[in-house]
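Colleague: Could you walk me through this structure, one question at a time?
Modeller: Gladly; let us look at it together.

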Amino acid sequence: MSVEITASVTPGRSAPSQVETVFIDEPGPGEALVRIVAAGVCHTDAITREGDLPLPLPGILGHEGAGVVEAVGPAVTQVAVGDRVVIGWPSCGECDACLDGEPRYCDHLVEALTSGARLRGEHRGESAYRTADGAALAGHFFGQSSFATASLVLADALVKVPDDVPLSVAAPLACGVTTGAGAVMNVAKPKPGDALVIWGTGAVGLAAIMAARNSPATTIIAVDLHEDRLALARELGATHTVNAAAGDALDEVRRICGGPADYAFECTGVIRVVEQAVESVSMRGTVILIGGAPADSRFSVDHFGALWGKRIVGVLGGEGRNGSLIPALLDLWRQGRFPIDRLIEDFAFPHVDEAIDAGTSGRVIKPVLHVSDDPIAAHRGGAQ
Ligand SMILES: [Zn+2]
Ligand SMILES: [Zn+2]
């Protein structure tokens, strides 16, 4: 038996998406079928469409899905039919990193995120998705391919969403928002009085700023080229802002800090900015690399300046487990301390290209596709 869905299919590199009827296998052991309610658009969708990540095409993008569990396969205990859920990153569950509680660094992460096929079970390496005429179709993007009316997912990647949190608010926690917030909360863990500088204020950088505001750091500097972004960064928690178009951003960061910063978060993936971010932290300071640069990019670091205990740390997906960070961020949203809704603008499914382009152009910080109705008509806007 298979399940009929409607999906936005990317037919080939840089090609416009097409709305198609698609068939998915019913959930097997450990799997669940989720009806998608909301799907966030992340920069990674755009670069995958352009061929920078190895998802085979034709395929279905989308990796910030939230929805309602419609069916579960055998041996699923984590969720039940009717649960409202956000779909976290998948992982194998068996390698050293997974067993160490760091599934973001799963040995099989590339396969889990971009192979277009199932990660586990007897059908590992095969896609559960087919076109109407029976041709193979890549799905399972980040374990979800959520630019569709339903997704087949690993049940242990799901995180339940409380009834008073709208699924459109929860969806971006599947990837982009968690990536920025986790870099602060799971990795940096700032000490009282620390100075943080966030290079780039898209969805990931603004999430890092909101997380920093919930930390004992007392100096939170946002750097960007756009005054409107910097204004929003101030509203969300930046104590200082630096417009890099107006002068030497590194000088300005040092002036604000009275020297180098303790932590830099590099959210742009622009190599010149990566090198500035490395320069912006002190001896014993830490620069955290988050932004995605083009494949095969390299950066250089002053060797002498790095010897005094400078740390350069790459972070994927904010580290940690879906089940710890996502519920915490949902609680903070409810308390009005993590206003994700300020980043979101709704788009109607299946206008996926429009939403991706709005994100890529910078016009919208976090486009979220409205795919179907949320069964709980919760109002967006945090504790009010
Ligand atoms: Zn693993
Ligand atoms: Zn993403």
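Colleague: Is Glu-319 buried or exposed?
Modeller: First, a word on the source: this is a predicted model, where local features need pLDDT of at least 70, side-chain atom pairs count only at pLDDT 80 or more, and totals for chains, interfaces and linings use all residues. Residues are numbered from 1 along each chain as its sequence is written, chains are lettered from A and ligands numbered from 1 in the order in which they are written, and side-chain values use heavy atoms, with hydrogens and water left out. Buried means under 20% relative accessible area, exposed over 50%, and partly exposed in between, with a 1.4 Å probe and protein chains only. Glu-319 has a relative accessible area of 14%, so it is buried.

Colleague: What is the phi of Glu-319?
Modeller: Most residues other than glycine have a negative phi. Glu-319 is not a glycine, yet its phi is positive, at about 55 degrees.

Colleague: Is Lys-189 buried or exposed?
Modeller: Lys-189 also has a positive phi, near 45 degrees, in a residue other than glycine. Its relative accessible area is 55%, so Lys-189 is exposed.

Colleague: Which loop holds Pro-350?
Modeller: The peptide bond from Phe-349 to Pro-350 is cis, with omega near 10 degrees. Helices (H or I, at least four residues) and strands (E, at least two) are DSSP runs, numbered from the N terminus. Pro-350 sits in the loop between strand S17 (344–348) and helix H12 (352–360).

Colleague: What is the volume of the largest cavity?
Modeller: On a 1 Å grid over the protein atoms alone, a cavity is a set of points where a 1.4 Å probe fits but cannot get out, and a pocket is an open set with protein on both sides within 12 Å along at least five of seven lines; lining residues have an atom within 4 Å of a point. Grid points are joined across faces, edges and corners, and a volume is the space filled by probe spheres set on the points. A search of the whole structure finds 1 cavity of 30 Å³ or more. The volume of the largest cavity is about 110 Å³.

Colleague: Which strand gives the largest share of that cavity's lining?
Modeller: Residues lining the largest cavity include Leu-152, Val-153 and Leu-154. The largest share, 3 residues, comes from strand S9 (residues 150–154).

Colleague: How many residues line the second largest pocket?
Modeller: This pocket has a volume of about 270 Å³. Among those nearest its centre are Ser-91 and Asp-156, and the lining numbers 16 residues.
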